Amino acid sequence: MLKRDNAVNIFKRPLFALVVFFCVTSLFFCGDYVFAEGYVSRDAYVSTGAADARILIPIFADDSASSSICSLIYTGLVKVDKNLEIEGDLAERWEVSPDGLAITFFLRRDVRWHDGTPFTARDVKFTYETMLDPASGCPYVSSYSDINKIETPNEYTIKFHYKKPYAPALLKFGMGIIPSHMYSEAKNIRDEAVGKDPVGTGPYIFSEWKRAEYIALIANQDFYEHPPGIKRYIYKIVPDESVQFLELVSESSDAMNLTPYQYFYRSDTQRFKSKINKYSYLAHSYSYIGYNMKDPLFRDKRVRQALSYAINREKIIDAVLLGLGEECTGPFLKDTPFYDETAPGYDYDPAKAKALFKEAGWVDADRDGVLEKNGKKFSIRISTNQGARIREDVAVIVQDQWAKVGVKVRVQTVAWAAFLDAFVNKKNFQAVILGWTIPIDPDLFSVWHSDSIGENGLNFISYSNKKVDKLIVAGRREFDQEKRREIYRKIHNHLAEDAPYTFLFFPYALPAVNKRFKGIEPAPAGISYNFIDWYVPESEVKYKF
Amino acid sequence: MKRIMIGAAIIMVIAISAICAPVVAGYNPLEMDLTEDAILQKPSLEHFFGTDNLGRDVFSRMLYGARVSLSVGFIAVIISLVIGVLLGGVSGYFGGWVDAVIMRVVEVMYSFPTFFLIMMVVTFLGPNIVNVMVVIGLTSWAPLCRLVRAEFLTLRERDFVSSARVQGVSNFRIIRRHILPNAMAPVYVSMTLSVGSAILIESALSFLGLGVQMPAPSWGNILTIGKNYIDYAWWLTLFPGLAILITVLSFNMIGDGLREVLDPKSDRKD
Amino acid sequence: MKRYILKRLLMIIPMLFGISFILFVVMHLAPGDPTSIKYGMNPEVSQSARANFDKMYWLNKPVLTQYVLWMKRFLTLDFGRSFIDGEPVLKKIMSRLPATLLLQIVSLLVIFALAIPIGVYGAFKKDSLFDRVSTAFVFIGYALPGFWLALILVFIFGFKLGWFPVSGMTPWYTEYLSVFGKIKDLLWHLVLPVTATAFGSLAALSRYTRSSMLEVKKENYVLAARAKGLTEKYITSRYILRNALLPIITIAGLTLPALISGSFIFETIFAWPGMGRLGYEAIMSYDYPMVMGTGVIAVGLTLFGILISDILYAAVDPRIRMDK
């Protein structure tokens, strides 16, 4: 699923990533230690985030705080492991029919809901039928809209039939399953959920939700893998980023996502170093400048390419992210099979940019420092959403860099709401600075296919390339990993050549966690994938219950 | 009197350096230096107030920010002055149902947590300096209106007004020639004080990201950046905060001094 | 008395209507539609979900019709549901109200407990060192940007010295504390937010008290009493204090809008789980029903506060005529 990456919480969806090596000596014995203790749940883990959760039902959770809490309370049929490979969760195994039109899951038989009711295929059927019901208004329905029938041959088997083969299907079965015995009578699950404590099958049981203050969970001692090592999970809401940091360092909280600045400069103090570990790895998102292809100014490919050549990405990464990011040339995550390192990357080259502008007819005839064509000055309005400090900083730097090749830039920051309205819907913009989350599956339909240009579509820059359209559709229908890889690499090259975006960078995720937590093993999936294996040695326990 | 002089002197210094910012500043407030040594420099002779996270000179940014604060203060107050005097005058001079209606509206304005309204309007109509000025002006005329009304009520009954009325002088002329000039003294006091509060509101809005938009500098949005670096770059928090404090303080000193000069009888309440 | 109260109560109603209309119009003049705000960047939300959403909140109807529909609901205290999480607006506000009231009431108490003695003492010792210091403090209090003070308080007392909690009201571990411990913990969390909230109004009120005292001291009846040879102590307690402090009751009512205005900033900085922060977040996310709800409740609260102070004033001051 693609989401705006405004607030990234480390305990959110598995992070697609390359590890920057980080060595925690205690890693080597942690496994033994936990076994020796026989999985005792101890202490409390207090993480902070800016926003409160909205709804603790996974099929309706469309913000990062809610999804991260839901991922602890609920589990899905499958999950991704630390290397982002699919593995079974509530499903022990599954079979895909040879034509790719049916998937059968065989469920675990030892799972109980937090209230003691046994978990069965009925719950799975109920969850997916609820999502598919248009009346329920589930935001993720389009990921499942190719399902045309769900069967439950027995209590522990469930079979999904598809209208067309859909390669990303398996990954989508990570969606948390909700209990049919709680909601099957409900007319409207959203309303019903408000008054009820959420009940799931996950490692943590819901205990308290104090609106705008915190959400508290408690370890599920009967969790089917093993009881989690940490007894209480607290998500504390602190709206202000800088206050979050003060909380972390004064040890009122145990974890947060650092800003590059905090990571770089403020973690040097003795107070920080003695108490807190910091991590960094590629977050699975990228930032870009998008050009409105409907605007005559950007219709010429050479102009877009020239603008890309005129941007010094290295400098932007150094200034805005303090070097904590990597250059980006396409919409897939670096170091995954789909990302083609050889695709054209537009290294900073102002001379080439000027030459391309000249080819396209833009020259500075009157020597005032700004290019003209047919008497018109080259001037661009860049827009970004207000409050996104990193993007605002990027805009200011881009303004500076483009000025050097004779492009006049006006920066405009707009409140998120107005921004979406004006740009996503009305397409009334010239260039935008935004970011996308990179889903684990490489499917690009909703952002790059010409069918997604329509009103409210996410292809709001109106990019349309017949070849790319064809490749996107082929990629969705292809189950063979090797063939898919080829398809997406081709797409990467087309996008790089057309330059509808200037791809800027992949930022690093920069989580910081209090040192008393052991068992953290950074992996491509981030650090939170093995949260239930984290523990606090008995001597360092802070909160005793 | 001393207070007026001190206040006015400070305001003059700030205003003149704001107007002459390009000369005084020494740096372009928007020009960045992104090299590692250039960002977040401590105050020095080169950069009096240090540099910010993008290597921009804070002193220069604050000079340009002063333009924002002062112009918002003055223009907002002029707007509220026009509305306040107009409505207050009409209300006090004519009385009757017009007065009743206007006074109800004034009561509404008085009991409204105006900051909420301002925040809402600015967010929804777009955060920019013009909207900020207009909205602050439109929401802060109530005290002025009440003041003018009270002056009009008393002046209306004075002999020189009655005699003018008997002579058949038109209402407009009476107001303009006889009442208004006599009613203005307390208005000047209240106005000076309002400039201060308008500056405070503007800085709070900019601090919340609802005022002047980056990269354009304002005291409030320098503080927004400062907040994120508070435990390291103290200069980003200290100087703009002090600037706001001193400016508002100066306006209040002038206002307070004026009050004593214009109305020596009483040590009035607000 | 009853008639007076009733009259004041009835006056509140048109005011609430007027204010809610202003709020409503402003909100709808704004560019940006809430459907795309909620679902804008989510590729997996279908068109039908959007249409449903529009219908649920009448967003497809003309503005005036929306207002009438909204008003109908409003009369039954139903503000609709939040766009963000679909919860009833009133319920959300009610769950946040106690925190705001706690902060405001404690702040008011602190303001009165400190401002009156400072003002009275300053008036009696006019031009003394104390008077000068307190006057200077008042001047600074007037001119100090509240959010800046809040930042500095958090940084110095919360972070550097670690004397008080950096943010929040009731931490998650309160369930493990004794009743006494809970109260102590709550007071601890109140110190910084109350200081920030009270500071500006404290200055205003002590200034007011001082000048009110000075004015009364010059009144004829005080001079007459003094001429009669009454003791200074008797004059102070019987004449000056009583007459000077009475009008301060009305000021309490007028302090409320300022306090509530402040709550929108302070509650966000201190992560205080109150209505001000709710309103601020609602504005930022264009949550129309929530903005309307918090706006109307905030105004209702201030009107109510002013009403109470008016009634109190009328009750203690015989000069106020009830029928007027």
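**Figure 1. Secondary structure and burial in chain A of the predicted model.** Chain A contains 17 helices and 22 strands. The coordinates belong to a predicted model. Of the 545 residues in chain A, 52% count as buried. Among contacts in chain A with a separation of 6 or more, 70% are between residues 24 or more positions apart.

**Figure 2. Close-up of A:D43, a residue with positive phi.** The phi angle of A:D43 is near 60 degrees, a positive value in a residue other than glycine. A:D43 lies in strand β1 of chain A, which spans residues 42-49. Is A:D43 buried or exposed? A:D43 is buried, because 22 other C-beta atoms lie within 10 Å and the cut-off for burial is 20 or more.

**Figure 3. Close-up of A:L322, a loop residue with positive phi.** Although A:L322 is not a glycine, its phi is positive, at about 50 degrees. The residue sits in the loop of chain A between α11 (313-320) and β15 (325-327). A:L322 has 18 C-beta neighbours inside 10 Å and therefore counts as partly exposed; a buried residue would need 20 or more.

**Figure 4. The side of chain A that touches chain B.** Chain A gives 19 residues to the contact and chain B gives 17 residues. On the side of chain A that touches chain B, the elements giving two or more residues are α7 (241-249), α8 (260-266), α11, α13 (389-403) and β19 (408-414) of chain A. Helix α13(A) supplies the largest share of that side, five residues. By residue class, the side of chain A that touches chain B divides into eight nonpolar, four polar and seven charged residues.

**Figure 5. Packing of helices α3(B) and α11(B).** Two packed helices are described by the angle between their axes and the distance between the axes. For α3 (residues 58-94) and α11 (residues 235-262) of chain B, the angle is about 30 degrees and the axes are 11 Å apart. The crossing of α3(B) and α11(B) is right-handed. On α3(B), the contact is made by B:V58, B:M62 and B:S69; on α11(B), by B:W235, B:L236, B:F239, B:P240, B:A243 and B:T247. The residues of this contact divide into seven nonpolar, two polar and no charged.

**Figure 6. B:M62 and the largest nonpolar core.** The largest nonpolar core has 317 residues, and those with the most contacts inside it are B:M62, B:I118, C:A150 and C:V154. Helix α3(B) provides the largest share of this core, 16 residues. Which residues does B:M62 contact, leaving aside its neighbours within four places in sequence? The partners of B:M62 are B:F49, B:W219, B:I222, B:F239, B:P240 and B:A243. Among these partners, B:F239, B:P240 and B:A243 also belong to the contact of α11(B) with α3(B).

**Figure 7. Surroundings of helix α12(C).** Helix α12 of chain C, residues 275-284, is mostly covered, with 10 of its 10 residues buried. The buried residues include C:M275, C:R277, C:Y280, C:E281 and C:M284. What do the buried residues of α12(C) pack against? Their partners are α5 (114-125) of chain B together with α5 (89-124), α11 (248-269) and α13 (288-316) of chain C. Just after α12(C), C:Y286 takes a positive phi of about 50 degrees.

Technical notes
Residues numbered from 1 in each chain as written. Chains lettered and ligands numbered in written order. Predicted model: local features only at pLDDT ≥ 70, side-chain atom pairs only at ≥ 80, totals over all residues. Buried ≥ 20, exposed ≤ 12 C-beta atoms within 10 Å, placed from the backbone. Helix = DSSP H or I, 4+ residues; strand = E, 2+ residues; numbered from the N terminus. Contact = placed C-beta atoms within 7 Å. Axes fitted to C-alpha atoms, helices over the stretch in contact; angles between N-to-C directions. Left-handed = near helix turned anticlockwise from the far one by under 90°. Nonpolar A, V, L, I, M, F, W, Y, C, P; charged D, E, K, R; others polar. Core = buried A, V, L, I, M, F, W, Y, C linked by C-beta atoms within 7 Å.
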